[in-house]
Amino acid sequence: MIRAGAAAAARTASRLRPITAVVQRPIGVCMPVRHFATNVTVKRSTMPFVRRHNGPLPSEYESMLAVMGMKNMDELVERTVPDIIRLKRPLEIEDSPLSEAELIKRFDALVGENRVFRSYIGQGYYNTFTLPVLQRNVLENPGWYSQYTPYQPEISQGRLESLLNYQTMVSDLTGAAMANASLLDEATACAEAMALAFGAGNRKKQTRFLVDRHVHPQNIAVLRTRAEPFGVEVAVQDFREFDFGAGDVCGVLVQYPNTEGTVEDYSAMAAAAQKAKAMVACATDLLALTQLKPPGEWGADVVLGNSQRFGVPLGYGGPHAAFFATHAKHARKMPGRIIGLSKDARGQPAIRLALQAREQHIRRERATSNICTAQ
């Protein structure tokens, strides 16, 4: 019976004609698919990598150049790219460009030369361990993301739900009423806190921003760079020496724990700052806040920091997504995006982008923030 069954299956397969289907991929790659019944064999395209690049066709180049009244790409470069930044020599490209497979092989060889050591730098960068249960059920779960770009977030309720959970977690740990859906990194978040403090105060009089000398050095460096166009003076000193008597301080920044790992009590300083109508910004560590008193409870107006501590690899220095939380009254002055819960046309719960008042795609040339994406 076994032989008879096998023979019958062979005769049936011999009578079947192979079905060839062409699958059109979004980037213009055609893949022939041959199958008998449930057996599917996918043949990779033999087109070169360059041909499969999703770029303009020659006819599209010609159409765009015609609209601009130009003859060729050289003329476009001549008229748009300043001469001082143009490369005057040919690019150093090998005579025989690599194929896609050869490039991947070379790339793997280069990556294999990396040597990974334990990091003892600190200063906001720490080795982490991502729990497999989170990696598998959240990061690798298609329910939390979609094939759509993050610039179309309404398409993916899973992505928005994860961001809403992130905001809720940050708000709970920091003791602040409202958190955004992350920023670029901690240093730029510090600069955003300074800009928020300067904008909320008297711009003509309150032009000094005080920074504790034990704030991470990279945060201080970015603060000084961003303060210059605002006309804000950044004064770095011990927080115990902060003087608000002149009434010229718009805000202060402290690190909690500081760059040396010390946990200071900033409550008295925060009270003095708020009495002088200066905002208190605190750069902190989310993992430390699981054990420490939330900054919002001892007087911080803005709480920010690096969320890399919650399982994100070091990635050779980042950048890693920052968090930014503050009072609800500063919501329209907060950078980045805020995710909220609403209702759809059928009255069902729907998560959406609730507020992005400072973003470039909303306020155009009047935008004061353009940090649209993060991890």
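I looked up Pro56 first: at 38% relative accessibility it counts as partly exposed (between buried, under 20% relative accessible area, and exposed, over 50%, with a 1.4 Å probe and protein chains only). Pro56 sits in the loop between β3 (39–42) and α2 (58–68). I noted that helices (H or I, at least four residues) and strands (E, at least two) are DSSP runs, numbered from the N terminus. Neighbours within four places in sequence aside, Pro56 is in contact with Tyr61 and Met64; contact means heavy atoms within 4.5 Å.

The model is predicted, so local features need pLDDT of at least 70 and side-chain atom pairs 80 or more, while totals for chains, interfaces and linings use all residues. Residues are numbered from 1 along each chain as its sequence is written, and side-chain values use heavy atoms, without hydrogens and water.

Next I took α7 and α8. I read that two packed helices are described by the angle between their axes and the distance between the axes. The axes of α7 (residues 186–200) and α8 (residues 217–230) come within 8 Å and cross at roughly 40°. Residues of α7 including Met194 and Phe198 meet residues of α8, among them Leu223 and Phe230. By class, this contact has 10 nonpolar, 3 polar and 3 charged residues (Ala, Val, Leu, Ile, Met, Phe, Trp, Tyr, Cys and Pro count as nonpolar, Asp, Glu, Lys and Arg as charged, the others as polar).

Last, I checked what comes after α6: Gly175 follows, with a positive phi near 75°.

Key:
Axes fitted to C-alpha atoms, helices over the stretch in contact; angles between N-to-C directions.
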